[in-house]
Amino acid sequence: TDEENMKLRTITVLILIVAVLFLLSCTGGGFKDKSSPREQFDHALKLYNKNKHFKAQMAFQRLIYSFPGQSYIDTAQYYLGMSFQGMHHYPEAVGEFRRLLAAYPTSDFADDAQYQIAMSYYRQSPKYYHDQTETIDAIDEFSMFLSRYPRSPLKEEAQLRLNELYDKLARKLYKNGEL
């Protein structure tokens with residue numbers, strides 16, 4: 001019957017996929033990048049600077065997972081988060097910046113990473129008449145940034161954004177009161 005033929009085809013395709021994956025794993029996975037970690041980092045950064053965020057994201061991820069002990073992996077982690085931001089994938093960006101803060105709390109990029117977490121929520125913050133979950137998250141993250149990094153050069157910008165977010169919440173409360 002047609003249903004049995006369809007099941008047989010599906011099983012055959014799955015077996016072929018498993019076989020190909022098995023053969024690739026036995027041969028070492030195919031393509032190997034023979035460039036040094038530093039060359040890979042420089043290449044990924046060039047991609048990022050050319051606004052090729054998807055390719056940069058892939059290159060930074062490959063570098064981070066292949067060479068975790070390199071001294072510039074915190075920088076790669078930061079630019080991985082920035083690559084996600086460049087693609088407007090803000091939840092992923094938040095995750096990468098949080099990973100940077102957890103793994104490298106004393107990194108030169110720590111204050112920037114905390115600021116970018118706040119900015120990711122800020123960029124997701126909707127108009128005042130919508131649910132303000134992201135606005136509240138942005139307020140929390142900017143407040144955390146200001147308390148952790150009071151001497152950061154980003155302090156004034158963070159304070160301006162924080163004030164703007166408080167104004168948005170106040171407007172929402174006012175408009176709700178009007179109703």
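R98 counts as partly exposed, at 35% relative accessibility. Its salt-bridge partner is E141, and the N-to-O distance is 2.9 Å. E141 lies in helix 7 and R98 in helix 5, so the pair ties together parts that are 43 residues apart in sequence. The model is predicted.

**Salt bridges**

- The count comes to four salt bridges. Three of them are described here, including the E141–R98 pair.
- E141 is buried, with a relative accessible area of 7%.
- D42 and R38 meet through their side chains in a salt bridge of 3.5 Å, N to O.
- Both D42 and R38 belong to helix 2, where they sit four residues apart, about one turn of the helix.
- Residues three or four places apart in an α-helix point the same way, because the helix has 3.6 residues a turn.
- D42 has a relative accessible area of 32%, so it is partly exposed. R38 falls in the partly exposed class too, at 41%.
- R161 bridges to E157, with the closest N and O atoms 2.8 Å apart.
- R161 and E157 lie in helix 8 (residues 155–178); being four residues apart, they are separated by about one helical turn.
- E157 is partly exposed, at 31% relative accessibility.

**Packing of helix 6 and helix 7**

- Helix 6 (residues 110–124) packs on helix 7 at an angle of about 160 degrees. The two axes are 7 Å apart.
- Angles over 145 degrees count as roughly antiparallel, so helix 6 and helix 7 are roughly antiparallel to each other.
- The crossing of helix 6 past helix 7 is left-handed.
- On the helix 6 side, the contact is made by D111, Q114, Y115, I117, A118, M119, Y121, Y122 and Q124.
- On the helix 7 side, it is made by E134, D137, A138, E141, F142, M144, F145 and R148.
- R148 and D111 are 37 residues apart along the chain, and their C-alpha atoms are separated by 8.0 Å.

**Helix 3**

- Helix 3 has 14 residues, which should span 20 Å at 1.5 Å a residue. Its end C-alpha atoms are 20 Å apart, which agrees.
- Its buried residues are H53, A56, Q57, A59, F60, L63 and I64.
- The cover over these buried residues includes helix 2 and helix 4.

**Helix 4**

- Helix 4 covers residues 73–86, 14 residues in total.
- From its first C-alpha to its last it reaches 19 Å, close to the 20 Å expected.
- Of its 14 residues, 13 are buried, so helix 4 is largely enclosed by the rest of the structure.
- H88 follows helix 4 and has a positive phi.

**Loop residues with positive phi**

- Most residues other than glycine have a negative phi.
- N51 is not a glycine, yet its phi is positive, about 60 degrees.
- N51 lies in the loop between helix 2 (37–49) and helix 3 (53–66).
- N51 counts as exposed, at 57% relative accessibility.
- H88 is another residue other than glycine with a positive phi, near 65 degrees.
- The loop that holds H88 runs between helix 4 and helix 5 (90–103).
- H88 counts as exposed, at 57% relative accessibility.

**F67 in the loop between helix 3 and helix 4**

- F67 has its place in the loop between helix 3 and helix 4.
- At 25% relative accessibility, F67 is partly exposed.
- Leaving aside neighbours within four places in sequence, F67 is in contact with P37, Q40 and I73.
- F67 and P37 are 30 residues apart in sequence, and their C-alpha atoms are 6.9 Å apart in space.

Terms used:
Residues are numbered from 1 along each chain as its sequence is written. This is a predicted model: local features need pLDDT of at least 70, side-chain atom pairs count only at pLDDT 80 or more; totals for chains, interfaces and linings use all residues. Side-chain values use heavy atoms; hydrogens and water are left out. Helices (H or I, at least four residues) and strands (E, at least two) are DSSP runs, numbered from the N terminus. The expected span of a helix is 1.5 Å times one less than its number of residues. Buried means under 20% relative accessible area, exposed over 50%, partly exposed in between (1.4 Å probe, protein chains only). Axes are lines fitted to C-alpha atoms, for helices over the stretch in contact, and angles run from 0 to 180 degrees between N-to-C directions. Angles under 35 degrees count as roughly parallel, over 145 as roughly antiparallel, 65 to 115 as roughly perpendicular and the rest as oblique. A crossing is left-handed if the near helix is turned anticlockwise from the far one by less than a right angle, and right-handed if clockwise. Contact means heavy atoms within 4.5 Å.
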